[in-house]
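Here is a briefing for a first look at this structure. Please read it with the sequence and the model side by side.

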Amino acid sequence: MMFDYSGLYQFLYSVSSWLLWEVGRILGFIGIDSGNILYPIRQFLVDPQFVYFVALLLTALIYLVAALLFGIQFIWMERKFLGRFMDRRGTSVGFLGFFQNFADAFKVLLKAVITPKDADKRVYQFAIFAILAVSFMLLGLVPWDINWYAVNVPLALLLGLAVFSLAPFALILAGWSSNNKYTLIGGIRGAAQLIAYEVPLLLVVVSVIVMTGTLNFNEMVAWQQGNIILFIPLFIGALTFFIAGVAESERVPFDLPEAEAELVEGWQTEYGSLGWGLVMCADYLRAFIICALFSILFLGGWTGPTFLPGSVWMLAKAALVFFFMIWVRAAMVRIRTDQLLKFCWNRLLPLAVINLAVAVLIKIYAVGGW
Amino acid sequence: MTEMWVNMGPQHPFNHGLWNLRVKLDGEKVIDAEPVVGYLHRGWEKMVESRDYQQIIPMSDRLCYCSALTWSHVYVGAVEKLMEVEVPERAQWIRVITIEIQRLASHLMWLAAVGTDLGSYTIFLYAMRERELFLDLLTNLTGARMTYNYMRIGGVRNDFPENFERDTLRACDLLEKRIKGEYYQLMDMNSAFRLRTENNGYLSKEDAMNLGVTGPNMRGSNVDFDLRRDDPYEKYDEVDFEVCVEEAGDSFARYRVRMREMLVSIDIIRQGFQKIRAGPVRVKAPRTAPVGTAFYHVEDPRGESLMYVIGDGTNQPYRLKVRSPIFVTVSAAPKMCIGYKMADIPAIMGTVDMCVGETDR
C-alpha cells in the first residue's frame, strides 16, 4: 500500500481512504452485499465524499492536539527560562517540570464553568470559540518542513495574517459581552493595540515579499535556501517584526489588554475553568506562531545542516525566537497604552518603512545578485 | 466615552491590602478619585485600652507586617517617655541597628510590590530574595520572621546572637552591591521603567506639606525633613547620615528616595556596629504608668508614625492614639491620581507604599 507523503492532509486522506476501503472489503467479505439491509452503510463508508470528510476531521483533530501540546510546551519553556532569569528554578513537577502544565491543564478542565449572571451568554461563549478558532487555524497554515503542512495555499502568508487580524473582533466581543468594566477596557485596549501593531508587521512582511517575490511560505524558504537568509539584509525589519510580534501576542512589555495590576486580567477576567485554560493556551500558541513566522520569514525556516530533519530546525529556530521573547519579558515592565501606541506610530512605523526602502533598493540594484 | 466609576478594590490585584480606590474614568483618564479605607479596622486603639502595657508590645507588632519593629519601637518609646525610663546605651544602639534592618526589609517589600504593579516579576523576585536575607537576620535575633515581639519597655529583649555583626555586614555588602549593580541596571537604566514612573503622580511641595504627607513620599516632593535628623531619637544624633531628597515629586522621585534610603540605612548599620559598646540591654521598668501624657514619634519606613499615650496611674493605658503615616498619605491619592491615566494608578499608588494594617488599625 502506497501512501501519499506530500503533506499531512494528503497523507491522512490516503490513509483514511485505504482504511475505509479495507473496511468496505471486510464488510463485503462477511456477506454484506447488495440486497443486505446494511449495504447502504457500506456504500456510504467508501463514498469519496465521506473519505474526504474523515480525512479533514482527522487533520483538524491532529492539529487541535498539536496546538494544545505546543501551547503547553511553550508555557513550560517560558516557566523554566523565566525561572532562571529570576534566579529560581521554575516548575519542577515531573521530568524537568514538564508535567506541571499537564496537571494545570487537567485542573482547569475540572473546574466549574461559571458564566456571569449579567453576561450576554451567547456572545460570551461565542467569543471564546472565535479566539480559539483564529488562533488554532494559524497553526494549519504554517509549514513545518518542506512537505509538512496542512494546506499549501499560494497566498498562505496573506491568509495567515488575515486570520491573525481577526482576533481584535473576538477580543472586543469577549470584553463587551462579559459585562464588566475591566473586561470592556481590556477588550478595547487589546483591539486598539492589535490593529495598531499590524501596520508595521504587514509593512515588514511586504519587504520580505519584495525580496522573495512570492507569498507562499515554501517558495520563501526555497528563495532563502538559494540566496541568503533574510535576517542579514533585512535586519531592521526583523527587529521591527519581533517587537510588533511581541505586541501582537500580548506579552510583556505590551501585555496591556491583560494588565493585571489595573485591569485584573483584562478581557479574560470573567472567563474561568476550561475557557480560561484554552484562551491561555491560545495566547501562547499565537506567540509561537509569531516565532514560527519569524523563523520562516527571516531565518530560513527548516533549512539547516542535514544531520537533523527540517522540522527540528524549524522548531529550534522558533524556540530560539521565543527565548528572546522570554528574555524581554524578564527584563521589562509593562508600558502604558498611550506610550504603546506612540511607540508604534513614532518608532516602529518609520523603521518598517526604512526597511521596506532597503528591500526595494536591494531589489532595484540587485545587490549580491538577489 | 461616558464617564464611569470603577472600584479598584477592595479585592483587586493592584492594592496591597484591603482598601478601595474609587476612580472616575473618562475613557482611560482619571478625572476623580476617592480612597475608601476601613476594611481592615480591628479597633486596635480600643483593644489596647484593656491590656497591660507589656501585653501591648506584641499587638503593636501587628500594626504593619512590613515594619513590625518600628511600630513596637514607637510604642515602647512613648511608654518609656510616660514612665520616664532611661534606656541603656547598648539597647539604644541595638534599636537603631534593628530598625534600620527593618527599614531595609520594608523597602525591599515595597520594591517587590512595585515590581508586580508594573508587571515585572523579576523585580519582585529579586527584591524578595534580598528581603529574605534581612528576615533571616531578624529571625536569628528574635526568633520570628515578621512580628518579632522584640522591643521591651526599658530596652530590648535580648542581646545580639553570636556572629550577628558579621552576618549583618555581609548581607549589607551584598545588598549594596546589588542596588548599585543589578537594581540600577534593571530599573534606573530601563527605559520602560522610567516611562512608567517618570512624569506621573506629581505631588507638589505645597500639597505634600498641606496634606500631611510624610516620609519618603514627602522627601520625593523636595521637602527636606527627616525625623531621624530633625528630632533625633535613640542614638541617631550620633550617626552621620544623609537625608535623601528628590526634587521631581513624581513616582520616579519617590522610587529614587527609597532606593537611596536603603543605601543610607546600610551606612547607618555600619556606623552603629562601629559605635556600639558592651553593656546591659534592658533595665527594669515599672509595671504601672503615672498619670500624665506622652507622645513619641519616629521615622517609620513609610513616614512619621506617632503614638500618644495617656496614663491614669494603672497598669493599662487610658488612651493610646496612633498616627499612621499612610492613613494620612492616602488622602493625597486624589491629588496624585487625577489627570493621569488609569494605567498610572498602580505606578502611583505602588510608589506610595501602602500598608493597610497601620492605616485601618
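Helix α3 (residues 48-85) of chain A has 38 residues. From first C-alpha to last, α3(A) reaches 54 Å, close to the 56 Å expected at 1.5 Å a residue. The expected span is 1.5 Å times one less than the number of residues. Helices (H or I, at least four residues) and strands (E, at least two) are DSSP runs, numbered from the N terminus.

This is a predicted model, in which local features need pLDDT of at least 70 and side-chain atom pairs count only at pLDDT 80 or more, while totals for chains, interfaces and linings use all residues. Residues are numbered from 1 along each chain as its sequence is written, and chains are lettered from A and ligands numbered from 1 in the order in which they are written.

**Helix α3 of chain A, continued**
- Buried residues in α3(A) include A:Val51, A:Phe70, A:Phe74, A:Trp76 and A:Glu78. A residue is buried if 20 or more other C-beta atoms lie within 10 Å of its own, exposed if 12 or fewer, and partly exposed in between; C-beta atoms are placed from the backbone.
- Just after α3(A), A:Asp87 has a positive phi of about 65 degrees.

**Domains and confidence in chain A**
- Chain A is assigned domain 1 (5-46) and domain 2 (65-366). The bounds come from an automatic or database domain assignment.
- The centres of these two domains, taken over C-alpha atoms, are 41 Å apart.
- Mean pLDDT (the predictor's confidence in each residue, from 0 to 100) is 82 for chain A, and 95% of its residues reach 70 or more.
- Within chain A, helix α11 (residues 260-263) has the lowest confidence, at a mean of 68. Helix α10 (residues 235-248) has the highest, at 88.

- A:Val279 lies in helix α12 (residues 273-298) of chain A. A:Val279 is buried, with 21 other C-beta atoms within 10 Å.
- A:Val279 and A:Phe129 are 150 residues apart in sequence, yet 9.2 Å apart in space, C-alpha to C-alpha.
- Leaving aside neighbours within four places in sequence, A:Val279 is in contact with A:Ile128, A:Ile131, A:Gln268 and A:Tyr271. Contact means that two C-beta atoms, placed from the backbone, lie within 7 Å.
- A:Glu250 sits in the loop between α10 and α11 of chain A. Its phi is near 55 degrees, a positive value in a residue other than glycine. A:Glu250 is buried, with 24 other C-beta atoms within 10 Å.

**Where the chains touch**
- Chain B gives 27 residues to the contact, and chain A gives 23 residues.
- On the side of chain B that touches chain A, the largest share comes from α5(B), with five residues.
- By class, that side of chain B has 15 nonpolar, six polar and six charged residues. Ala, Val, Leu, Ile, Met, Phe, Trp, Tyr, Cys and Pro count as nonpolar, Asp, Glu, Lys and Arg as charged, and the others, Gly among them, as polar.

**Features of chain B**
- Helix α3 (residues 68-83) of chain B has 16 residues, and 15 of them are buried, so it is largely enclosed by the rest of the structure.
- Just after α3(B), B:Glu84 takes a positive phi of about 55 degrees.
- Strands β6 (residues 291-300) and β7 (residues 303-312) of chain B run antiparallel, joined by 10 bridges. Strands pair if DSSP finds at least two bridges between them.
- β6(B) and β7(B) form a hairpin with two residues between them. B:Val291 stands opposite B:Asp312 in β7(B).
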